[in-house]
Amino acid sequence: LGRHRWVVERTVSWLAGCRRLHRRYERKAEHFLAFAGIAAALISYRRLTN
């Protein structure tokens, strides 16, 4: 439980850094999931380039 929970908490904290995802402004779930995917791609890109 400890290891998997830590990974989830870390991922949620990374996504919380995106202002658009801090609060759910979109009414449709598809739009919110699209922004979550974009945020995950940007986070991965930043980690790979540094």
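How many helices and strands are there in the protein chain? There are 3 helices and 0 strands, where helices (H or I, at least four residues) and strands (E, at least two) are DSSP runs numbered from the N terminus. This is a predicted model, in which local features need pLDDT of at least 70, side-chain atom pairs count only at pLDDT 80 or more, and totals for chains, interfaces and linings use all residues. Residues are numbered from 1 along each chain as its sequence is written, and side-chain values use heavy atoms, with hydrogens and water left out.

**View 1. The protein chain.** From the N terminus on, its elements run α-α-α. Of the 50 residues, 12% are buried; buried means under 20% relative accessible area, exposed over 50%, and partly exposed in between (1.4 Å probe, protein chains only). The protein chain exposes about 4,800 Å², with carbon and sulfur atoms supplying 58% of it. Accessible areas come from the Shrake-Rupley method with a 1.4 Å probe, and for residues only the protein chains shown count as cover.

**View 2. Helix H3.** H3 has 21 residues and reaches 30 Å from its first C-alpha to its last, close to the 30 Å expected at 1.5 Å a residue. The expected span is 1.5 Å times one less than the number of residues. Ala-36, Ala-39 and Ile-43 are the buried residues of H3. Seen down the axis of H3, its buried residues fall within an arc of 60 degrees, so they line one face of the helix; the arc is that of the directions from the helix axis to the C-beta atoms. Glu-30, Tyr-45 and Leu-48 are exposed on the other side of H3.

**View 3. A nonpolar patch on the surface.** Phe-35, Ile-38 and Leu-42 form this patch, with about 250 Å² of accessible area together. Like charges are joined within 9 Å, and nonpolar side chains (Val, Leu, Ile, Met, Phe, Trp, Tyr) within 5 Å. Phe-35 is found in helix H3 (residues 29–49).

**View 4. Asn-50.** Asn-50 lies in the segment after H3. Asn-50 counts as exposed, at 82% relative accessibility. A polar atom of its side chain lies 3.2 Å from the backbone oxygen of Arg-46.

How values were computed:
Patches are made of residues with over 30% relative accessible area and no salt bridge: like charges are joined within 9 Å, nonpolar side chains (Val, Leu, Ile, Met, Phe, Trp, Tyr) within 5 Å. A salt bridge is a side-chain nitrogen of Lys or Arg within 4 Å of a carboxyl oxygen of Asp or Glu. A polar contact is a pair of N or O atoms within 3.5 Å; within protein, one must be able to donate a hydrogen and the other to accept it, and residues adjacent in sequence count only if both atoms are side-chain atoms.
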